[in-house]
Amino acid sequence: MKDKTFLMIPGPTPVPESVMLEIAKHPIGHRSTEFSAILENVYKNLKYVFRTENDVFVYTASGTGAMCAALENLINEGDNVLCLSLGNFGNRWAKIAESRGAVVEKIEVESGQVIDPEVLRKRLAEDTEKKIKIVTLTHSETSTGAANYVKTLCSIIREHGAISVVDGVTSVCAMECKPDEWGIDVLISGSQKGFMIPPGLSFLVANERAWKVYEQCKHPSFYWDWAAYRKSTRANSTPFTPAVNLFVGLNKALEMIKEDGIENMNERHRRHAMALRHAVKAINLELVVKDDKNASHSITSIYPPEGISVPDIRSTLKNDFDIVVANGQNKLKDKIFRMGTLGFVSDRDIITAVGALEATMKKLGHKFEVGKGVKTVIEELNQ
Ligand SMILES: Cc1ncc(COP(=O)(O)O)c(C=O)c1O
């Protein structure tokens, strides 16, 4: 049966019907009082979701747009930027910084590993002249499914004095992320992930320390300019024409998140990710991230067993069950597959996905005890 697709890629993610119905309404004027009232609610609720007292800016752009909005308002040519990279998206920070003429240094790890806080502490201690101005990091690295200890890393960066810039594209909503409490100076995210709306919007929150660096930026970007966004956000407006329908959908989705409670939403993601990880192991598949405590709660990466290819696993899941899972990216293409459990995902979806994965692996000739994955997932979800 077709037209029953379950998107288990790490974005775009499933969108609730009530949100889709809001988005389907006729567009309204972006300077109308009606839209301004929607913005007021959106900006207020974003502070709740981002657990911050600072303004949250909304850009009509994908997550990469917000990454550019972060660095292009902070970097001057020749600035030293340290990029902590767990994979593809950690490397993207480095590319953006280089595009602004920064002197970039990277600390990289093997796929599935996370940054050792002591390695960062040692590197920053060596920087006695305090040349490193910005440290970028990724909370949940979508290309591998590993998650950094953001709280610890940001406190080490704060001790040194640099500005921490964090990619929370697949962590905000899914994992505990508290910029004010943890001392994250700039945090960004994207709409098509935990926010339960389609692609097209992205978010940025910056604190006072980051604003001081912004004030020294000689050529802040025009479209992403923080000052323009702060002025508009405080006036319940936007500097340019926003994707109005997505804002209307976001308004509805944020109300749903608030009703659920952000802590409950985080906990649901943790339960789902852990249940899936343990079920995957129960059917003799190998996880890319070995240790539960280093695992993202939004994306689980899995190695195919010897003799079974990633394209075969993905196409069987798609053709037989209408479940879409992601391939690996770049050097991990066809080496791993990735299952997203991000946003509008329920216990039923996880049980279905594990059942479908078992049926797929059985069909492709993998050896395991049929039913063990489903048993594991049910037991874990009942805990
Ligand atoms: C961790 C992370 N950062 C950044 C991005 C880039 O976002 P976008 O593709 O929306 O530009 C993604 C997209 O998947 C991501 O997962």
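How are α2 and α10 oriented to each other? They are oblique to each other, and point 2 gives the details.

1. Basis of the model. This is a predicted model, in which local features need pLDDT of at least 70, side-chain atom pairs count only at pLDDT 80 or more, and totals for chains, interfaces and linings use all residues. Numbering starts from 1 along each chain as its sequence is written.

2. Helices α2 and α10. Helix α2 (residues 33-49) packs on helix α10 (residues 244-260) at an angle of about 45°, with the axes 9 Å apart. Helices here are DSSP runs of H or I with at least four residues, strands are runs of E with at least two, and both are numbered from the N terminus. Axes are lines fitted to C-alpha atoms, for helices over the stretch in contact, and angles run from 0 to 180 degrees between N-to-C directions. The pair is therefore oblique; angles under 35 degrees count as roughly parallel, over 145 as roughly antiparallel, 65 to 115 as roughly perpendicular and the rest as oblique. The crossing of α2 past α10 is left-handed, a term for a near helix turned anticlockwise from the far one by less than a right angle, with clockwise giving right-handed.

3. Residues between α2 and α10. From α2, the contact uses F35, I38, L39, N41, V42, N45, L46, Y48 and V49. Helix α10 contributes V244, F247, V248, L250, N251, L254, I257 and K258. Two residues are in contact if their C-beta atoms, placed from the backbone, lie within 7 Å. Sorted by class, this contact has 13 nonpolar, three polar and one charged residues. Ala, Val, Leu, Ile, Met, Phe, Trp, Tyr, Cys and Pro count as nonpolar, Asp, Glu, Lys and Arg as charged, and the others, Gly among them, as polar.

4. Domains. The chain is divided into domain 1 (6-12 + 262-382) and domain 2 (17-259); the bounds come from an automatic or database domain assignment. Their centres, taken over C-alpha atoms, are separated by 28 Å. Contacts join 25 residues of domain 1 to 27 residues of domain 2. On the domain 1 side, α11 (262-282) and β12 (299-303) each supply at least two residues, and α11 gives the largest share, four residues. That side has 11 nonpolar, 12 polar and two charged residues.

5. Helices α11 and α14. The axes of α11 and helix α14 (residues 372-382) come within 8 Å and cross at roughly 150°, so the two helices are roughly antiparallel. Their crossing is right-handed. In α11, R271, M274, A275, L276, H278, A279 and A282 meet K372, G373, T376, V377, E380 and L381 of α14. The contact has seven nonpolar, three polar and three charged residues.

6. Helices α12 and α13. Helix α12 (residues 310-321) and helix α13 (residues 347-363) pack at about 120°, with axes 10 Å apart, which makes them oblique. The crossing is right-handed. I313, T316, L317, D320 and F321 of α12 make the contact with A356, A359, T360 and K363 of α13. By class there are five nonpolar, two polar and two charged residues.

7. Ligand shell. Around the ligand are P10, G11, S62, G63, T64, F89, T138, T142, D167, V169, T170 and G190; a residue is included if its C-beta atom, placed from the backbone, lies within 6 Å. The shell has three nonpolar, eight polar and one charged residues.

8. Backbone points to check. Most residues other than glycine have a negative phi, and most peptide bonds are trans. The peptide bond from G11 to P12 is cis, with omega near 0°, and P12 is in the loop between β1 (6-8) and α1 (17-23). N236, a residue other than glycine, has a positive phi near 50°; N236 is in the loop between α9 (226-234) and α10.
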